[in-house]
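User: I'd like to go through this structure and ask what stands behind each label. Could you walk me through it?

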Amino acid sequence: MSILSEEELSRLYRVRKTVLEMLNDRGYLVGEFEIKMSKQEFLQKYGENMKREDLVILKAKCNNDSEQMYVFFPKGAKFGVEEMRPYTERMIKEKVFQAIFVIQQILTSCARSLISEVSTNLHLEIFQEIELLVNVKDHVLVPVHHPLTPEEKKSLLEQYTVKESQLPRIQITDPIARYYGLKRGQIVKIIRPSETAGHYVTYRCVA
């Protein structure tokens with residue numbers, strides 16, 4: 001068993017914190033104590049000889065216990081089809097149909113193909129550790145984003161008598177869209193500061 005270095009432990013502590021913030025912002029049930037856990041508490045909980053697999057997270061939506069999300073931290077630097085398959089089999093067996101994989105390096109092309117193959121049954125998201133060291137939402141240049149519910153979207157389109165195709169776009173690959181796990185056709189409300197009005201609101205549709 002390879003022991004994680006001090007640098008790796010510090011990195012995983014920061015990554016896990018961002019992941020918990022992300023789940024919380026997506027409406028999953030995350031305790032405030034989990035997000036605010038200090039590095040010392042983190043090491044006490046998981047032990048200094050922890051493995052990445054020990055950090056697995058399973059959370060349910062606040063308003064729907066049956067809608068659950070796994071977060072996996074695969075151990076190997078390479079993450080391909082062979083490494084992914086045990087996770088997808090576990091998800092199907094446990095009837096958990098959404099997961100985030102926090103990987104150390106770029107996903108192999110074959111693994112991307114597998115994600116496409118299973119996408120009718122499983123929704124899998126991939127983040128590299130380096131993308132989660134800092135919460136993109138907290139960047140000074142990133143305005144407040146608020147994903148609309150289907151009901152809010154319907155009300156907005158009716159209120160302004162527009163079609164979603166007429167709204168400005170935000171790409172599904174945009175870091176903030178990935179952070180919130182947005183899907184194509186979703187609308188996000190963006191609140192920016194304004195020197196004259198205090199703030200102004202725009203809407204974008206995920207493309």
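**What the labels rest on**

Analyst: The accessible surface of the protein chain comes to about 12,200 Å², and 52% of it belongs to carbon and sulfur atoms; the areas come from the Shrake-Rupley method with a 1.4 Å probe, and for residues only the protein chains shown count as cover. Keep in mind that this is a predicted model, where local features need pLDDT of at least 70, side-chain atom pairs count only at pLDDT 80 or more, and totals for chains, interfaces and linings use all residues. Residues are numbered from 1 along each chain as its sequence is written, and side-chain values use heavy atoms, with hydrogens and water left out.

User: What helices and strands does the protein chain have, and what makes them count?

Analyst: There are seven helices and eight strands. Helices (H or I, at least four residues) and strands (E, at least two) are DSSP runs, numbered from the N terminus.

User: Why are the buried residues of H3 said to be on the same side?

Analyst: Helix H3 (residues 39-46) has Phe42, Leu43 and Tyr46 as its buried residues. They cover an arc of only 95° around the axis, so they sit on the same side of H3. That arc is the one made by the directions from the helix axis to the C-beta atoms. An α-helix has 3.6 residues a turn, so residues three or four places apart point the same way. On the other side of H3, Gln40 and Gln44 are exposed. The buried residues pack against helix H1 (6-25), with contact meaning heavy atoms within 4.5 Å.

User: How do you know that lysine 95 is exposed?

Analyst: Buried means under 20% relative accessible area, exposed over 50%, and partly exposed in between (1.4 Å probe, protein chains only). Lysine 95 has 57%, so it counts as exposed. Lysine 95 sits in the loop between helix H4 (81-94) and strand E3 (98-103), and its phi is near 60°, a positive value in a residue other than glycine.

User: And what makes threonine 161 exposed?

Analyst: Its relative accessibility is 69%, so threonine 161 passes the cut-off for exposed. Threonine 161 lies in the loop between helix H6 (150-160) and strand E6 (169-170), with phi near 45°, again positive in a residue other than glycine.
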